[in-house]
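This briefing is intended for a reader new to the structure shown below. Selected local features are presented by topic.

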Amino acid sequence: MSKIKAIMLRVQSPEGTKRVEVSLSSSTCQLFEAVHDTFKLNSFAFELYREKNKKNEITSSKSKTLHTIGIRHGDMIYLTPVNGSVLFNTDNSSGEPIDDSTPSTSSASSSTRPIISSNNSSSSSSRPSNSIKEDEVDLQLMKLDGKIERNRDEKLCRHNANSRCVHCSPLEPYNEAYLREQNIKHLSFHSYLRKMTSGVDRGKFLALEDMSCRIRNGCKDHPPWPKGICSKCQPNAITLNMQAYRHVDNVAFENTNLVEKFLDYWRVTGHQRIGFLYGTYEIHADVPLGIRANIVAIYEPPQESSRDSVRLLPNENENIIEQIVISLGLRRVGWIFTDLLAEDVQKGTVKHTRNIESHFLSAQECIMAGHYQNLYPNSCRYASSGIFGSKFVTVCVTGDKTNQVHMEGYQVSNQCMALVRDNCLIPTKDCPELGYVRESSDRQYVPDVYYKEKDSYGNEVSRLARPLPVEYLLVDVPASTPVAPQRTFNSDPNKQPFPVENRFIDGHIQDFNALSTYLSQFGVGDFHTAINDFHLILYIATMEMLPMREFMGPLLEALKNKDRVAAEEWSRSEHWATVEQLIAASSPPPSRPGSVASGSITASPGNSNGPQWTCPFCTYLNNADNENCEMCNLPRSNRPH
């Protein structure tokens, strides 16, 4: 048998023309591999044609050879990326085509969806799955089968109890008919992953990519923006799609007292309030492969509020609070805010301002939610960058259609996260339901963003997102409280809880007197119950006169493990004994001169009966007959040494 000689082919690509040496007996699959290696492409997301106008496509096959399809020495072959995929190495390249079942005007329009790569080595090298630390709930869901079990149908099933048929076999977690029947609006994220990995390759080439609105760096063919831009570094146009999945399927507050205590500020002042939600992520059994955010505490950061707005202030204790929360086995899982306007104070009703006729979340709130979701990304083994989306949730407390206070949970889509991250989305001035995509300027290039809607004839048309209805960016997340309430903190509901931080109104201020009053409710053997208050723990760790953060490690470990013995042992430490001595010394008698209980008013410095004394702690000048400082309430006898 004569030896078949090698032939030389010319391959023209968007990056130039190169020569590829193959044999006539080589399969077309080997030709694709040779082109991939010659051009050093990121993936196999390309097509080969024998004509420049994308005619006479060469399909990848192991059975067809170059000789059988008529390839000859010196022929020109044309390489074209699939769906505009980035095949060549850049600083911010994805290189994989998008696996999207619906047509789109741009490959970036569905970039929040999983992207399929045909190169195992490229996919595995760009995905640092070994170094990704996924959440515990994600690891648990990965181990579950996830299929929906069905009972034997007595009418339709004609087999014995040990057999299965199409009427009783388990359903996949992404079964649309089952989700529609159970009124589940969105797929869970893990159900979505199962759907994308249900093919023959079992997700071997699955890769998730976040959308990017930035110019790719490193292009040397022209001056940097705004003096030049090309198709290689220019971000693609974006078409917004309703996200089919959600990263969190339910927000559950472990008891109603959490929300009621949060609403107390609005009930007293009429001002709106923002808080951060702390808790854990758990498996949500009501949704196939679902995740629930279980809320156990609400922290209220420093803020200035009014009837219509809230402005967050810098928090100098941010790092200390996060350390304490982590030591307690918790994490920040979301944020909550109020939008309440009283309608009838006597009936306790509120106005129904958020509905389908107005808005559910304003553009500014969507931007805020996107900002927080970018700060707390979701670790994912299928993402080349190691992160994809976020589990951070948004809860709005507002009035429902019956004018009662209720909670609404949301997340913003991954596309909204990208728009916020790249500073492309801004709110409008007078329409809260509309956002606005920035226009390109000398400082920033912004790609065109479109959304689709139906015109008066029922045709689906694309609209430029200037302005943009924010419902294209929202994902609903149900918020609720369980039938059987649970209490991670404040296990005794009959005791008055410790005041909430950063509330500068009468009866809500955290100070040493409030600490003394709170602890006086508990007996000697109730230390674990007394100290198990989230706001009390934060106050003890951050109080200015005697910060205890560096000594609280054993206590936090005891509270995390619910170890009463270890907590009682910590209460006998010298650090807590100092606090107890200060409490005992500063507890005011029932009729202290100048107190409200005695019905008198504190005398002025000029009318004191003796020389004045200066507080060694706060340097306040007190009258001679005061045993405790009028400013910090600390005893006169306890002087620092």
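At 62% relative accessibility, K40 is above the 50% cut-off and therefore counts as exposed. The model described here is predicted. K40 sits in the loop between α1 (28-39) and β3 (46-49), and its phi is positive, about 55°, although K40 is not a glycine. The points below set this residue beside other features of the backbone, the helices and the aromatic rings.

**Backbone features in loops**

- N490 is another residue that has a positive phi without being a glycine, with a value of about 50°.
- The loop that holds N490 runs between β29 (479-480) and α10 (512-519).
- N490 has a relative accessible area of 18%, which is under 20%, so N490 is buried.
- The peptide bond leading from W225 to P226 is cis, and its omega is near 15°.
- P226 belongs to the loop between β8 (206-208) and β9 (238-240).
- R466 and P467 are likewise joined by a cis peptide bond, with omega about 10°.
- P467 is located in the loop between β26 (460-464) and β27 (468-469).

**The pair of helices α13 and α14**

- Helix α13 covers residues 553-560 and helix α14 covers residues 564-571; their axes come within 8 Å and cross at roughly 155°.
- Because angles over 145 degrees count as roughly antiparallel, α13 and α14 are roughly antiparallel to each other.
- The crossing in which α13 passes α14 is left-handed.
- On the α13 side the contact is made by P554, L555 and A558, and on the α14 side by A566, A567 and W570.
- Sorted by class, this contact of α13 with α14 has 6 nonpolar residues, no polar residues and no charged residues.

- Helix α5, spanning residues 189-196, is mostly covered, with 7 of its 8 residues buried.
- The buried residues of α5 are F189, H190, S191, Y192, L193, R194 and M196.
- Helix α15 (residues 574-586) contains A584.
- A584 has a relative accessible area of 58%, which is over 50%, and A584 is therefore exposed.
- A584 and P635 are 51 residues apart along the chain, and 9.4 Å separates their C-alpha atoms.

**Aromatic pairs**

- The whole structure contains 19 aromatic pairs, according to a search of the model.
- One of these aromatic pairs is formed by F276 and Y372, with 5.5 Å from centre to centre and 85° between the planes, an edge-to-face arrangement.
- This pair links distant parts of the chain: F276 belongs to strand β12 (residues 274-284) and Y372 to helix α8 (residues 363-375), and the two are 96 residues apart.
- F276 has a relative accessible area of 4%, and since this is under 20%, F276 is buried.
- Y372 is also buried, because its relative accessible area of 6% is under 20%.
- F276 and Y372 belong to a cluster linked by ring pairs, which also includes W335, F337, Y376 and F392.

Technical notes. Residues are numbered from 1 along each chain as its sequence is written. This is a predicted model: local features need pLDDT of at least 70, side-chain atom pairs count only at pLDDT 80 or more; totals for chains, interfaces and linings use all residues. Side-chain values use heavy atoms; hydrogens and water are left out. Axes are lines fitted to C-alpha atoms, for helices over the stretch in contact, and angles run from 0 to 180 degrees between N-to-C directions. Helices (H or I, at least four residues) and strands (E, at least two) are DSSP runs, numbered from the N terminus. Angles under 35 degrees count as roughly parallel, over 145 as roughly antiparallel, 65 to 115 as roughly perpendicular and the rest as oblique. A crossing is left-handed if the near helix is turned anticlockwise from the far one by less than a right angle, and right-handed if clockwise. Contact means heavy atoms within 4.5 Å. Ala, Val, Leu, Ile, Met, Phe, Trp, Tyr, Cys and Pro count as nonpolar, Asp, Glu, Lys and Arg as charged, and the others, Gly among them, as polar. Buried means under 20% relative accessible area, exposed over 50%, partly exposed in between (1.4 Å probe, protein chains only). Rings of Phe, Tyr and Trp (its six-membered ring) pair if their centres lie within 6.5 Å; planes under 30 degrees apart count as stacked, over 60 as edge-to-face and the rest as tilted.
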